[in-house]
Amino acid sequence: MEGMNVRLISGRTAVQGQNLDSKLTEKYFDEVAVCNLNGNDMEKLNVAKDDYVKVTTAYGTVIVKAKQDDGNPEGLIFIPMGPWCNAVISGDTHGAGMPSFKGVDATVEKTAEAVLQVKELMRTYME
Amino acid sequence: MVEITDVVCSLCGCVCDDIVLEVENNEVVKVKRGACSVGKAKLLGHERIKSPMIRENGELKECSYDEAIKKAAEILYKSRRPLLYGWSSTVCEADKVGVELAEDIGAIIDNTASVCHGPSVLAIQDVGLPSCTLGEVKNRADLVIYWGANPAQAHANHMKRYSYVSKGYWTAEGKKGKKLVVMDVRKTMTSKMADVFVQVKQGKDYQVFSALRAILRGHEDVVPDEVGGVPKAQLLEVASMVKEAKFMMTFFGMGVTHTGARHNNIVNAIQFTRAAHLHTKANIMPLRGHYNVAGINQVCTWETGFPFAIDLSRGYPWYNPGEASATDLLYRADCDSAMIIASDPGAHFPGESLRHLAKIPTIQIDPYANPTTEFADVVIPAAVSGIEAEGNVYRMDNVPIRLRKIIDTDYLPDEEIVERILTEVRALREKEGE
Amino acid sequence: MADGELLIRNGVVYDPINGVKGEKKDICIQDGKIVESVTNPKVIDAEGRVVMPGGVDIHAHIAGGKVNAGRIMRPEDERKGVEPKTKVCRVQSGYSIPNTFATGYRYAKMGYTFVMEAAMPPLLARHTHEEMVDIPILDNAAMPLIDNNWMTMEYVKSGDTDLLAAYIAWIIKATKGYGVKVVNPGGTEAWGWAKNCDLNDAVPYFDVTPAEIVKCLGEANEKFEMPHSIHVHGNMLGHPGNYEVTTATYDLVKGIKPYRDRPAMHATHTQFHSYGGTTWGNFESKAGAIADYINNNDHVSIDLGSVILGDTTTMTADGPMEYSLYQITGRKWTNHDVELETGSGITPFLYSGKVSVHTIQWAIGQELALLVKDPWKIALTTDHPNAGPFIGYPIIISMLMSKKRREESAEAMHKAIFDRAELPSIDREYDLNEIAIITRGMAAKTLGLAEHGKGHLGVGADADVAVYDMSPEERDAGKIQKAFLNTKYTIKAGEIVVKDGEVVATPPGRTIFVTPECDDKLMDEMMVTLKDKFDKYYSVTFNNYPVQDAYLPHPYEIKAPWRSS
């Protein structure tokens, strides 16, 4: 894998929650198709606010927009729970019944590729 | 304009029940007070699915309720291993019909606990759960711990109504008389409020629980200088806060159910609570995400004996989480149809599980279009529970509260939709003379 | 055949409330009631078989928060009793905590048609009702817990018995409950701080004693024409030496005159409260002392709480007791404290005939039945599932009827039964009339349900009938046990629901609730204090609290007017 090695976690945000019933909207897209990184990590990646990053795990790859969150320690990225994060999460629960939504090894790199809209992202599962 | 009080919010597990709404021309026009920003968004409503639809040649085409229900029944009737998934954002009355349907067609019935607090249920099945209702916390707790959770964003009224900011009988001073400890892998809006923020290295919560248990049981000598990224001094500080407390309450979230040791994290969290109980009154509670996920667990349990991932294909209840949980079934391609109700696996399941969902006939029952709609072959729009349909729900502490019906609608409630599908399935069976 | 007409012909009928003690008699049924005669009925041949009114269980934990918490915690128990669905029956699961469907079917197969849910936390009442609606066949009711409630303790402290009565009226109405349940008074509130109370300890912060709480509730209960006495699970349950607390608790209501022909207190699962000794080492039965008290007094009735050997699940509102039990066994434990009201604890427990203490406990439950002379003072229970699951009732019936079976069982158990219990020295054997009293007659009378058609077969009673496939002369304990486990017929409201031990129909049961009537002025005064509690301390609103009508699709109301003097 190319790019910086990180740990990926997912979770709720208030704006994500406000749009639980409106997931096809711009507001949801702007909040959830996002990777939150510590500012130092962004510097290392040469990524500025609103740049796109490619996040890759052993299970898939996804393009999301970068946002700064210095609450994250270095090496920890946070993608809000939702379709973009789930594009790189494994469906194998190792018999525990629970997928690994948090604590997934990933790499992050700057990219010029575009972020897929929700419907486009769903269509990638139909190929 | 009519003002309606004591409205019950139907979004998160807080189930706030003192909401005041303004209704005009059969529409909720204002949320006057009581709701957080997330609840407010729910109550004010969003763009709806306009009509039932059936997918033809890749496109969703509008149809009647009757046609959609008939099509859904056909799919389920013909299916050899149907999955009925979701249930966490509807009322118990609908859940009961769901179990009846699952029993009738030999389906697997599973709910969102599988991707949320399922591990907590597994932990309870190992060690039990020392807990209480939220009013106990409000009235007694002087030490509140949030572990792997960010209520400021996910359960925004929680601290105000039930735990840290709230005022109760022995907690009349509110925040002033209490201590807030937040354990998380990163700083959040919740950790900002904490008296003590403990930053745990991602994936190391299990070790931190163990270390605290050791200290509380008088074995601090075996604890090294750093555990899971946390300095021993800070662990000792938290332990002495526990010992000095009169009533300790721990709330925990996905930060510990989703990572590494999964349900073992929760077992350890509960054992940590028991160790605390040697020094003070100590209870613990999972922060349930949806307003009635606790309810579907309750209904399934009293009706089948088991709380989630129940396989009824043998004609009797079979419980083996990890085998019959929805994501596992989809990952293994071990179901041949799916009815998704009151939930959104399209958004919240790992992508790898969605490949199979894309292949199998899928029915969606929901008021709103969402990523799951892309996979649906039949879409049945439902009334919004708590606004257009009433019914029973269970708050995160298992207190049952009745949602109110605030306005009228032409949309059918979930209970009626599932009831009609069941009736149709039975009619199909009778026709075939089985 | 005329619609709704049924004739049970030539059975040997035991109907103790009407003084029928094993008479060959026809039972006529029309439109769900017992009638004098019928014209063109469907006939059930009960020749040579025992016929009794449908069983009335005065105390079992079958529906609600802690019951389901037990189920969730114990998938291993649920797996034990798994049965597939049939054309008539839904799926079944569970052994000590059956699912709601199995609960209904298995009770009905034992010939029971009414069960009282023993303890309903008022804040969680909707849950109890949701589960009761899902229990097929059986009529039911539930008793709200009213003894650790802050409102109760405050009125006990101020001595305002009338206002306490108003609160009782409000709670019973708001929860659609049946009567006043008391569990570890004061102690469960103290458990909110990880403490407990003995009978005369002051409850922390509320500064009243459990003794005061029991006495005041006993008095307040009699302000109404309440069908049932206060129903009491006393302090120090399960502790060696607790028999003195038990009789002291009974003494508290000695001077109270009940409104009707029933005791002032029903003391429940008395086995757990009849302990001597000071430690588990010198633990012994004091059933004799308790039986003496019951024999010499009329103000208390009891139910047995008799032990069934094997694995079961304990669950009560006695939070601190459940915690101690968990500390003894080290098994899993769930606790659920309920704000301003009560609490609960759940933990599995294995009663083993190899353990001295369990053997003595096993003996005590039967000693109580055999040493109390008047069976009208006793009901047969196992405090399901605390001392054992209800499916074990037939075992107890066979023990009480057969000294031989008791002897055989004792031989396989711990020797302590010979010097720390009385059972081996008791020769008495119950007859079927006495069994009928302790499994239906006494409960119906004590609950005040006899005049509402339960527990007897007089004209006008509900047509709830059990036909046991057993001759009244049967003395073989094994055959008696088998007969009482699966009826030849169970009839519920005139409909055959069980035939040859199989469920053939699953009509819904009714929920019976009491509406105490109270002076408006008194109620208004009490409401001021109550609403203040909701504003400040409860986590739900006043208006969202009462159980809505939707939760009782088949209600049956009993009014309890205020007594004029």
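**Stop 1: chains B and A**

Start with the salt bridges between chain B and chain A: the count there is one. Select Lys23(A) and Asp344(B) to see this pair, whose closest N and O atoms are 2.8 Å apart. Side chains of opposite charge can pair when their charged atoms come close. Keep in mind that this is a predicted model.

Now widen the selection to the whole contact. Chain B brings 51 residues and chain A brings 47 residues. About 4100 Å² is buried between chain B and chain A, and carbon and sulfur atoms give 58% of that area. Polar contacts are here too: 15 residue pairs between chain B and chain A, both residues at pLDDT 80 or more.

Color the side of chain B that touches chain A by class, and you get 21 nonpolar, 21 polar and nine charged residues.

**Stop 2: chains C and B**

Move across to chain C. Two pairs of chains touch, and the most contacts are between chains B and C. Here 55 residues of chain C are in contact with 62 residues of chain B. The area buried between chain C and chain B is about 5200 Å², with 52% from carbon and sulfur atoms.

Which three residues of chain C supply more of its buried area here than any other three? Select Ile72(C), Glu130(C) and Trp193(C): they supply 13% of the area that chain C buries against chain B.

Next, look for charge pairs. Four salt bridges cross the interface of chain C and chain B. To see a salt bridge between these chains, show the side chains of Arg90(C) and Glu103(B), which meet at 2.8 Å, N to O. The interface of chain C and chain B also has 46 residue pairs in polar contact, both at pLDDT 80 or more.

Color the parts of chain C that each supply at least two residues to the side touching chain B. Among them are helix H1 (65-73), helix H2 (75-80), helix H3 (100-109) and helix H4 (125-133) of chain C. Helix H11 (319-329) and strand E16 (334-337) of chain C belong to the list as well. By class, this side of chain C divides into 25 nonpolar, 15 polar and 15 charged residues.

**Stop 3: chains A and C**

Show chain A and chain C together. They do not touch, and their nearest C-alpha atoms are 16 Å apart.

**Stop 4: two helices in chain C**

Select H13 (393-401) and H14 (403-411) of chain C. Their axes come within 5 Å and cross at roughly 110°, so H13(C) is roughly perpendicular to H14(C). On H13(C), show Ser398(C), Met399(C), Leu400(C) and Met401(C). On H14(C), show Lys403(C), Arg405(C), Arg406(C) and Ser409(C). These residues make the contact, with three nonpolar, two polar and three charged among them.

**Stop 5: inside one helix of chain A**

Finish with Asp41(A) and Lys44(A). They form a salt bridge, with the closest N and O atoms 3.6 Å apart. Why are Asp41(A) and Lys44(A) separated by about one helical turn? Because they are three residues apart in helix H3 (residues 39-45) of chain A. Over all chains, a search of the whole structure finds 65 salt bridges.

How values were computed:
Residues are numbered from 1 along each chain as its sequence is written. Chains are lettered from A and ligands numbered from 1 in the order in which they are written. This is a predicted model: local features need pLDDT of at least 70, side-chain atom pairs count only at pLDDT 80 or more; totals for chains, interfaces and linings use all residues. Side-chain values use heavy atoms; hydrogens and water are left out. Axes are lines fitted to C-alpha atoms, for helices over the stretch in contact, and angles run from 0 to 180 degrees between N-to-C directions. Helices (H or I, at least four residues) and strands (E, at least two) are DSSP runs, numbered from the N terminus. Angles under 35 degrees count as roughly parallel, over 145 as roughly antiparallel, 65 to 115 as roughly perpendicular and the rest as oblique. Contact means heavy atoms within 4.5 Å. Ala, Val, Leu, Ile, Met, Phe, Trp, Tyr, Cys and Pro count as nonpolar, Asp, Glu, Lys and Arg as charged, and the others, Gly among them, as polar. Buried area is the accessible area (1.4 Å probe) that two parts lose on being put together, summed over both. A polar contact is a pair of N or O atoms within 3.5 Å; within protein, one must be able to donate a hydrogen and the other to accept it, and residues adjacent in sequence count only if both atoms are side-chain atoms.
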